[in-house]
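Here is a short tour of a protein model, meant to be read with the structure open beside you. Please keep the viewer handy as we go from one site to the next.

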Amino acid sequence: MDIEKLKGSVTSQIDNRRNELTELALKIHSNPEPGFHEVKAVTWLTQYLEENGFAIERGICELPTAFKASCGTGKPAIAILAEYDALPGIGHACGHNLICTIAVGSGVASKPIIDQLGGSILVIGTPAEEIYGGKAIMANRGAFNDLDIAMMVHPGVQDTATTQALACQNLDVEFFGKSAHAAARPEAGINALEAMLQSFAAINSLRQHIKSTARIHGIITDGGEAANVVPAHSAGNFIVRAEDDTYLDELEQKVINCFTGAATATGARLEYKWADVRYASMRNNLTLAELFIENMKRLGRTVKLSATGRSFGSTDMGNVSQLAPAIHPSIAIATKEVLSHSPEFASAAASEAGIKGMIDATKTLALIVVDLLANPETMTKVKKEFRQGK
Ligand SMILES: [Zn+2]
Ligand SMILES: [Zn+2]
């Protein structure tokens, strides 16, 4: 088998599809839809996959905008993940229009490889990455259980093969007090807002003594109705992040202690609820990361193994990476000063550099598919690394 010839045909196939992929990415960019409402994007993406010989299952995992597109049969099963949710108000400021086009483009370009070498390619549509952690929900519902490989590429400001992502969980907190006239009868009231403020103070004290890689941050969503009424109710939303599940468990208990302490001090009653899903930390498969670096080099891009300066964000791809060997590299579409989730990043997701990054990433994922299927020992190495890291 001539691997070089196979790789050449994969890249020229993507070059031939450049215009239609660009059109798809820009169409999704100009029709931004928030998490779980990505109806148009899913229609266009699945249509493209269907036209190119993929079998489509829509609404998988009881999520209307999740889908699975497959071609080929049996093992190895290589999945390329698509995100397509936008951010309310600022559109595709995280560039998910590029992520999903990379996924369908590399999926379609992998079809001739599968036809020749066997195995199966899945393009899995994963909604609502930004707010609800669609992949975490889908992971709990078994969507990623039988995968041999899971890959995606996220737009960013550096070309990097690995990503650092913390485990995290969201927390809703409420305090219930008793309203009274704030000046005439303050002694009759129980101040729910003071309980919330004391919680913030306690968390701020705790912060000095937590690991430097952990994060706790929150907002107040209800702080009372009027200045002359003792607030009978307060509410807040918090996120706790840590490098691993064990420390996240520990930190979550310490954070709850801050709230219970404030409840005791003020006499307000505490109610809280952790989100049903927890984002897991990202496990980067270094063998896959090396393949990403090597194949990007063919396209003239120098990719670093990891970013300069670490990231403290989280991604639901972390949950997938706990179940199958995975990568979540970053492809630069803007200069380093541009912040993700900004209007400037939204522009970059429809720019020439954005499209260039998208095409290069599309090629690279399909080239990795060639490497994995043409060299069974590479696949073995990827899986061995995954097992050993567990
Ligand atoms: Zn994103
Ligand atoms: Zn984002």
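## How the model was read

This is a predicted model, in which local features need pLDDT of at least 70 and side-chain atom pairs count only at pLDDT 80 or more, while totals for chains, interfaces and linings use all residues. Residues are numbered from 1 along each chain as its sequence is written, chains are lettered from A and ligands numbered from 1 in the order in which they are written, and side-chain values use heavy atoms, with hydrogens and water left out.

## Salt bridges

Side chains of opposite charge can pair when their charged atoms come close. With a salt bridge taken as a side-chain nitrogen of Lys or Arg within 4 Å of a carboxyl oxygen of Asp or Glu, the count is 20.

One of them joins R17 to E20, with the closest N and O atoms 3.1 Å apart. R17 counts as buried because its relative accessibility is 15%, whereas E20, at 36%, is partly exposed.

Another pairs R278 with E252, again given as 3.1 Å from N to O. This pair links distant parts of the chain, 26 residues apart: R278 sits in the loop between strand 10 (269-274) and helix 8 (286-298), and E252 in helix 7 (residues 245-266). Helices (H or I, at least four residues) and strands (E, at least two) are DSSP runs, numbered from the N terminus. E252 is buried, at 8% relative accessible area.

D360 and K356 form a salt bridge at 2.7 Å, N to O. Both residues belong to helix 11 (residues 352-374), where they are four residues apart, about one turn of the helix. D360 counts as buried at 4% relative accessibility, and K356 as partly exposed at 37%. Through shared partners, salt bridges join D159, R301, K356 and D360 into one network.

Terms used: Buried means under 20% relative accessible area, exposed over 50%, partly exposed in between (1.4 Å probe, protein chains only).
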